[in-house]
Amino acid sequence: MNKFVAPSLLSANFACLEKDIEMLNQSQAGWFHIDVMDGVFVPNISFGPPVIKHIKKLAKKPLDVHLMIVDPDRYYQVFKDAGADILTIHYEACTHLNRSISAIKKLGIMAGVVLNPHTNVNLLENIIMDVDLVLLMSVNPGFGGQKFIENTYRKISQLKEMTEKYSPKCLIEVDGGVDVNNAAELYQTGADVLVAGNSVFSSNNPIEAIRSMSYKL
Ligand code: DX5
Ligand code: ZN
């Protein structure tokens with residue numbers, strides 16, 4: 001199975017997005033990770049569909065849109081129309097998660113569920129067979145550049161056991177505090193996709209940073 005980095009545009013230069021998007025097109029990045037924050041579900045506000053529409057025109061890789069918003073059901077069509085290829089929604093934001101995942105899949109795009117650091121992996125046992133990916137937050141969502149929470153390794157192992165049993169094609173993605181020091185161990189533990197913001201965009205050589213965090217057999 002393919003394993004790769006999904007750089008988070010939250011840490012890109014918003015005044016010059018085109019340059020950063022072109023850099024990612026040239027790099028080994030697998031997806032573009034796009035963080036949508038509403039200032040309610042998380043204490044920060046980022047950007048929404050109009051910005052994503054412009055990113056879509058330039059990006060040559062799938063857009064992985066991470067919705068950190070309350071009541072996400074209202075917006076799936078809007079984000080799909082803006083160019084999302086993957087939509088992930090928070091377990092903590094959905095009262096009827098099964099219905100929400102079905103609604104995303106009906107649009108013909110990939111659907112994933114996100115767990116905050118405190119949310120138990122066991123809670124996914126009755127939804128794991130319906131999702132294309134699970135995104136484990138390895139920081140509390142809302143900001144880039146935070147410290148990786150070590151307990152994430154335990155959650156990846158638990159989740160890997162669950163996906164092998166019920167849903168072997170389900171991808172495991174990890175988001176927050178990923179850098180060259182922990183990438184290899186995260187892949188080894190079971191992660192398929194590593195989101196990286198700060199460690200890519202604060203690097204002097206982002207292409208090389210992505211390469212150094214890419215999966216090596
Ligand atoms: C945090 C976001 C992340 C963030 C990761 O709420 O979901 O995608 O951009 O940034 P780093 O890699 O800087 O921790
Ligand atoms: Zn994210």
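Asn-116 counts as buried, at 9% relative accessibility. Buried here means under 20% relative accessible area, exposed means over 50%, and partly exposed lies in between (1.4 Å probe, protein chains only). The model is predicted; local features need pLDDT of at least 70, side-chain atom pairs count only at pLDDT 80 or more, and totals for chains, interfaces and linings use all residues. Residues are numbered from 1 along each chain as its sequence is written, chains are lettered from A and ligands numbered from 1 in the order in which they are written, and side-chain values use heavy atoms, with hydrogens and water left out.

Asn-116 sits in the loop between β5 and β6 (133–137). Helices (H or I, at least four residues) and strands (E, at least two) are DSSP runs, numbered from the N terminus. Neighbours within four places in sequence aside, Asn-116 is in contact with Phe-41, His-90, Glu-92, Met-137, Pro-141 and Lys-155. Contact means heavy atoms within 4.5 Å.

The zinc ion (ligand 2) has four protein donors: His-33 (NE2), Asp-35 (OD), His-66 (ND1) and Asp-175 (OD). Donors are N, O and S atoms within 2.8 Å of the metal (3.2 Å for Na, K and Ca); water is not among the atoms, so sites may look incomplete. The site of the zinc ion (ligand 2) is octahedral, with angles of 70 to 169 degrees among its six donor atoms. Six donors count as octahedral, and four as square planar, if opposite donors are over 155 degrees apart and all others between 65 and 115; four count as tetrahedral if all angles lie between 85 and 135 degrees, and anything else is irregular. Along the chain, the donors of the zinc ion (ligand 2) follow the spacing H-x1-D-x30-H-x108-D. Distant parts of the chain are linked by the pair His-33, in strand β2 (residues 32–37), and Asp-175, in strand β7 (residues 171–175), which are 142 residues apart. His-33 is buried, with a relative accessible area of 0%. Asp-175 is also buried, and its relative accessible area is 8%.

The largest pocket holds about 280 Å³ of space. A pocket is found on a 1 Å grid over the protein atoms alone, as an open set of points with protein on both sides within 12 Å along at least five of seven lines, whereas in a cavity a 1.4 Å probe fits but cannot get out; lining residues have an atom within 4 Å of a point. Grid points are joined across faces, edges and corners, and a volume is the space filled by probe spheres set on the points. The lining of the largest pocket comprises 24 residues. Nearest its centre lie Gly-144, Gly-145, Gly-176, Gly-177 and Gly-197. Elements giving two or more residues to this lining are β2, β8 (193–196) and α7 (198–201). By type, the lining divides into ten nonpolar, eleven polar and three charged residues. Ala, Val, Leu, Ile, Met, Phe, Trp, Tyr, Cys and Pro count as nonpolar, Asp, Glu, Lys and Arg as charged, and the others, Gly among them, as polar.

Helix α1 (residues 17–26) has Leu-17, Asp-20, Ile-21, Met-23, Leu-24 and Asn-25 as its buried residues. These pack against β1 (4–7), β2, α2 (49–58), α7 and α8 (206–213).

Ser-100 belongs to helix α4 (residues 97–106). It is buried, at a relative accessible area of 2%. Beyond four places in sequence, Ser-100 is in contact with Asp-73, Tyr-76, Ile-89 and Cys-94. His-96 lies in the loop between β4 (86–90) and α4. At 45% relative accessibility, His-96 is partly exposed. Its C-alpha atom is separated by 18 Å from that of Leu-133, 37 residues apart along the chain.

Ile-109 occupies the loop between α4 and β5 (110–115). Ile-109 is buried, at 11% relative accessibility. Its contacts, neighbours within four places aside, are Lys-80, Ala-84, Asp-85, Leu-87, Ile-104 and Asp-132.

Asp-71 falls in the loop between β3 (63–68) and α3 (76–82). Its phi is near 50 degrees, a positive value in a residue other than glycine. Asp-71 is partly exposed, at 41% relative accessibility.

Thr-189 is part of helix α6 (residues 183–189). Residues up to four places away not counted, Thr-189 touches Tyr-153, Ile-156, Ser-157 and Lys-160. Thr-189 and Gln-158 are 31 residues apart in sequence and 9.9 Å apart in space, C-alpha to C-alpha.
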